[in-house]
Amino acid sequence: MNSLARNISCSIRSSIHTNYLQHQQLRGIRVKVLNGNLEQALAFMRRKMQASGIERLIKREQTHHIKNSEKRVLARKNLERKIRSQDLARKLKAILIKKVRGL
C-alpha cells in the first residue's frame, strides 16, 4: 500500500512540475535573430521586456543593496504615482456623480 501511495504521489508531483515548466516556457519572450543581426534582436528584446513588465519584475526581485539616495528617489516616485492615482480617482468620482445627478 505504501509503495502504491508513493508512486501516485511521485507521478502527481512530476505532472505538476511538468505543467509548471510548460507554463514557464509559454511565458518567455522569444526573439528571432535575422541575418545575424544580434544588436537589433537585443534592442527588440529589451523593448518587449519593458512592454510586458518583465523588467520591473526582475528589478523588484533584486536582492542587492539599495543606496539611500535610490530609496529616496523610489519613495518619491511611488508617492507621486499614488497622488496621481488618487487625483484621477477623485476626478472620475466627480464626473460619475455629475452624470448620475443629470447635471
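Modeller: Start with a term. A salt bridge is a side-chain nitrogen of Lys or Arg within 4 Å of a carboxyl oxygen of Asp or Glu. Keep in mind that this is a predicted model.

Colleague: What makes Lys91 and Asp87 a salt bridge?

Modeller: Their closest N and O atoms are 3.6 Å apart. The cut-off is 4 Å. So the pair Lys91 and Asp87 counts as a salt bridge. Both residues lie in helix α4, four residues apart, about one turn of the helix.

Colleague: What makes Asp87 and Arg90 a salt bridge?

Modeller: Here the closest N and O atoms are 3.2 Å apart. The limit is again 4 Å, so this pair passes too. Asp87 and Arg90 are three residues apart in helix α4 (residues 68–101), so about one helical turn separates them. In general, side chains of opposite charge can pair when their charged atoms come close.

Colleague: How many salt bridges does the rule give?

Modeller: The count comes to two. They share partners, and Asp87, Arg90 and Lys91 are joined into one network.

Colleague: Why is Arg90 called exposed?

Modeller: Its relative accessibility is 53%. Exposed means over 50%, so Arg90 qualifies.

Colleague: And why is Asp87 called only partly exposed?

Modeller: Asp87 has a relative accessible area of 31%. Buried means under 20% and exposed means over 50%. The value for Asp87 lies in between, so it is partly exposed.

Colleague: How much of the chain is buried?

Modeller: Buried residues make up 3% of the 103 residues. The accessible surface comes to about 10100 Å², and 58% of that belongs to carbon and sulfur atoms.

Colleague: What is the secondary structure of the chain?

Modeller: It has four helices and zero strands. Along the sequence the pattern reads α-α-α-α.

Colleague: Why are α2 and α3 called roughly perpendicular?

Modeller: The axes of α2 and helix α3 (residues 54–61) cross at roughly 75° and come within 5 Å. Angles of 65 to 115 degrees count as roughly perpendicular. So α2 is roughly perpendicular to α3. Met49, Gln50 and Ser52 of α2 make the contact with Ile54, Glu55, Arg56 and Ile58 of α3.

Colleague: What makes the nonpolar surface patch?

Modeller: Val33, Leu38, Leu42 and Met45 make it, with an area of about 310 Å². Take Val33, in the loop between α1 (2–27) and α2 (38–52). A patch residue needs over 30% relative accessible area.

Colleague: Is Asn35 buried or exposed?

Modeller: Exposed. Its relative accessible area is 83%, and the cut-off is over 50%.

Technical notes: Residues are numbered from 1 along each chain as its sequence is written. This is a predicted model: local features need pLDDT of at least 70, side-chain atom pairs count only at pLDDT 80 or more; totals for chains, interfaces and linings use all residues. Side-chain values use heavy atoms; hydrogens and water are left out. Patches are made of residues with over 30% relative accessible area and no salt bridge: like charges are joined within 9 Å, nonpolar side chains (Val, Leu, Ile, Met, Phe, Trp, Tyr) within 5 Å. Accessible areas come from the Shrake-Rupley method with a 1.4 Å probe; for residues, only the protein chains shown count as cover. Helices (H or I, at least four residues) and strands (E, at least two) are DSSP runs, numbered from the N terminus. Axes are lines fitted to C-alpha atoms, for helices over the stretch in contact, and angles run from 0 to 180 degrees between N-to-C directions. Angles under 35 degrees count as roughly parallel, over 145 as roughly antiparallel, 65 to 115 as roughly perpendicular and the rest as oblique. Contact means heavy atoms within 4.5 Å. Buried means under 20% relative accessible area, exposed over 50%, partly exposed in between (1.4 Å probe, protein chains only).
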